[in-house]
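Take a look at the structure below. This report walks through its helices and sheets in turn.

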Amino acid sequence: MNDNDIRTRVIAIIRTIAPEVEEGELLADRPLRDQVDLDSMDWLNVILGVHRDLGVDIPEADYGKLRTLEDWTAYLRGRLPT
Amino acid sequence: MIDFKLPSLGADMDEGKLLEWKVHPGEPVTRGQVVAIVDTAKAAVEVECWQEGTMHEQLVPVGETVPVGTVLALLLAPGEVAPAPGTREKAPAIAKKATPAAAPARAPATPAATPAARKAVSPVARRRAKELGIDPEALDGTGPQGAVTLEDVERAAGAHAPAGAPPAPAQRPDIRQAIAAAMGRSKREIPHYYLAETIPMRRALEWLAAQNAKRPVTERILPGVLQLKAVALALAKAPELNGFWQDGAFVPGGGVHIGVAISLRQGGLIAPGIHDVDRKDLATLMNELTMLVSRARAGSLRSSELSDPTITVTNLGDQGSEAVYGVIYPPQVALVGFGRLATRPWVEDGELRAIPLVTASLSADHRVSDGMRGARFLVALRERLQHPEEL
């Protein structure tokens, strides 16, 4: 899976929680939660979606590393199960 | 014969439209069973029956809008034999139906399976729709899950010729009206007083982080759940904050049923309850909260979740502001608010430290309680949150 694929999958997960988001609308280098209305329950659902769809368990301690879409791709790149 | 009535669904919902009968004549009804589904301004509500019996006659047809308290159906009590046809007058139900509803007439029927409240509108589409004076909620969405996109709005604008048309409100108007009615009544009738307390959250968050590190991702607990449980336990110190103001007097709640304010994606909010919060463990509460939020946002709730809450908690979360002073949801007599968790300077054990703090506030009804009692509650809440392992 290349970075583009990862980003598409992450956006698809976000859209199951916030269906009003349009893909072209999200800026990859801006904090996601400034662009999408996600409360703490929604955020947990994104983490659960990544666990379910991509098989990656993200510990709570790493939440702070996941601010932008670029952060998400960089984080998931080395962790995806082969 | 048992009257099955449309129960109270909270102060901001005074009528409902019958969407579906789940039990048909001749079928048995058990305690807590969902008997009918009724659409309100905020959600499709599954109306439960709390008596046992057999469905005898449905008095309200699908599609009809009736006020709260209307007899929806007649049930035979266990052992009761059905009377001969026509021996029981239907007059009470008919009389009630004739009562003019307090709220303005509703929009024409929408298909039962998709209440309009579920419609999602993309923010850009909403902005553009506002500029064009179009109600985006009324459009057919072509985006994911039927969301209305910018393209849908532009297409509608082409067909619409909006010249001179008055701008339509962007939000489903009856949600706003329902909130306006309930909050207006609250501020007219309830003499609110407000208190606030800064609560150090270091111990609670460290304990929770250690717990969550041991749990699989599917069983993680949010800090808001600790706060809910702490509120429920602290209420033991101030029972006059938990209950209702009814007919000029305070009626204590029959349990600690906490209404949780949940914001809806299309705007507005709803505060359905979790029952017996003081008696459930954190894992159970987290599960129930997750389900409640997802059902509230999908527009599907149970009547007991709307009529039973004895107090409300609003939590602005990590995207919110520092403190919230809420408006009490009548006939309740108190509301507890939590602001954003934020790391700030704080003196602990005589030393200045940077630790996470939260501002908890209490809005309470001065007809029922005084500031001294309210303050005792907030102190108890603060202490509960210093001993997270006991929650």
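A crossing is left-handed if the near helix is turned anticlockwise from the far one by less than a right angle, and right-handed if clockwise. Helices (H or I, at least four residues) and strands (E, at least two) are DSSP runs, numbered from the N terminus.

## The model

This is a predicted model: local features need pLDDT of at least 70, side-chain atom pairs count only at pLDDT 80 or more, and totals for chains, interfaces and linings use all residues. Residues are numbered from 1 along each chain as its sequence is written, while chains are lettered from A and ligands numbered from 1 in the order in which they are written.

## Chain B overall

Chain B has nine helices and 20 strands. It holds 391 residues, and 41% of them count as buried (20 or more other C-beta atoms within 10 Å of the residue's own, with C-beta atoms placed from the backbone).

Contacts are residue pairs whose C-beta atoms, placed from the backbone, lie within 7 Å. Among contacts in chain B with a separation of 6 or more, 66% join residues 24 or more positions apart.

## Two packed helices

Helix α6(B) spans residues 223–234, and helix α9(B) spans residues 371–384. They pack at about 130°, with axes 9 Å apart. Axes are lines fitted to C-alpha atoms, for helices over the stretch in contact, and angles run from 0 to 180 degrees between N-to-C directions. α6(B) passes α9(B) in a right-handed crossing.

Which residues make the contact? α6(B) supplies B:A230, B:V231, B:L233 and B:A234. α9(B) supplies B:F377, B:A380, B:L381 and B:R384. Seven of these residues are nonpolar, none is polar and one is charged. Here Ala, Val, Leu, Ile, Met, Phe, Trp, Tyr, Cys and Pro count as nonpolar, Asp, Glu, Lys and Arg as charged, and the others, Gly among them, as polar.

## A four-stranded sheet

Strands pair if DSSP finds at least two bridges between them. In chain B, four strands form an open antiparallel sheet, ordered β1-β8-β6-β3. β1 (2–5) and β3 (28–29) of chain B each have a single partner strand, so one side of each lacks a neighbour in the sheet.

Four bridges link β1(B) to β8(B), residues 71–76, in the antiparallel sense. B:F4 stands opposite B:A73 of β8(B).

## A five-stranded sheet

Another open sheet of chain B runs β7-β2-β4-β5-β16, with mixed pairing. Its edge strands are β7 (65–67) and β16 (300–302) of chain B. Neighbouring strands are turned by 40° against each other on average, direction ignored.

Strands β2 (15–21) and β4 (33–39) of chain B run antiparallel, joined by four bridges. B:L18 stands opposite B:V38 in β4(B).

Terms used:
Two residues are in contact if their C-beta atoms, placed from the backbone, lie within 7 Å. A residue is buried if 20 or more other C-beta atoms lie within 10 Å of its own, exposed if 12 or fewer, and partly exposed in between; C-beta atoms are placed from the backbone.
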